[in-house]
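Please look over the model below before reading the comments that accompany it.

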Amino acid sequence: MMTKHLHSRIHPMHFKTESASVWIKREDELRGGMAGGKIRKLLSCLEYYYQHNYEEILAIGGSHSNNLVAVIQLFRERSIPFRILIPESHDKNNLSGNALLIELLTSEHERIIVPKSESNSVMKVVENILEKNDRKITTTSTSHPTRISS
């Protein structure tokens with residue numbers, strides 16, 4: 001299992017009494033941009049990706065999503081082919097924050113911009129992509145990092 005290779009420090013809490021022994025696990029130290037719970041969930045999804053020999057992952061997220069930025073970095077670190085589905089930006093010429101980071105971290109080919117008119121039917125956009133591709137693709141949502149389609 002890929003998640004067993006994640007190690008984070010633990011720190012003892014020092015109480016005035018010795019009646020309790022409490023340790024704090026530092027999951028926030030696993031990697032930049034993503035905390036322990038999210039990274040462990042995503043890595044279990046990646047395990048599924050590897051086991052089923054998928055060729056690409058479609059990541060669905062918002063243009064200001066912290067998780068999407070972290071997911072992109074993780075995919076890059078692991079050399080996993082991916083594309084992201086993000087909603088059309090209100091101001092394409094004045095990107096800031098995570099929207100700017102996403103723009104800088106991805107190529108045009110890796111970004112699928114979902115027009116505002118279709119933003120309520122993202123899964124329909126995903127279904128169209130899956131139907132038109134002969135590659136083995138799976139999807140994940142950054143708000144719920146579990147496999148949602150294949």
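The points that follow concern a helix pair and a pocket.

1. This is a predicted model, in which local features need pLDDT of at least 70 and side-chain atom pairs count only at pLDDT 80 or more, whereas totals for chains, interfaces and linings use all residues. Residues are numbered from 1 along each chain as its sequence is written, and side-chain values use heavy atoms, with hydrogens and water left out.

2. Helix α2 (residues 66-77) packs with helix α3 (residues 97-105) at an angle of about 20°, their axes lying 9 Å apart; axes are lines fitted to C-alpha atoms, for helices over the stretch in contact, and angles run from 0 to 180 degrees between N-to-C directions. The two helices, α2 and α3, are therefore roughly parallel to each other (angles under 35 degrees count as such).

3. Which element gives the most to the lining of the largest pocket? Helix α3 does, with 3 residues, while β4 (82-87), α3 and β5 (111-114) each supply at least two. The lining divides into 6 nonpolar, 2 polar and 4 charged residues.

Conventions:
Helix = DSSP H or I, 4+ residues; strand = E, 2+ residues; numbered from the N terminus. Parallel < 35°, antiparallel > 145°, perpendicular 65-115°, else oblique. Nonpolar A, V, L, I, M, F, W, Y, C, P; charged D, E, K, R; others polar.
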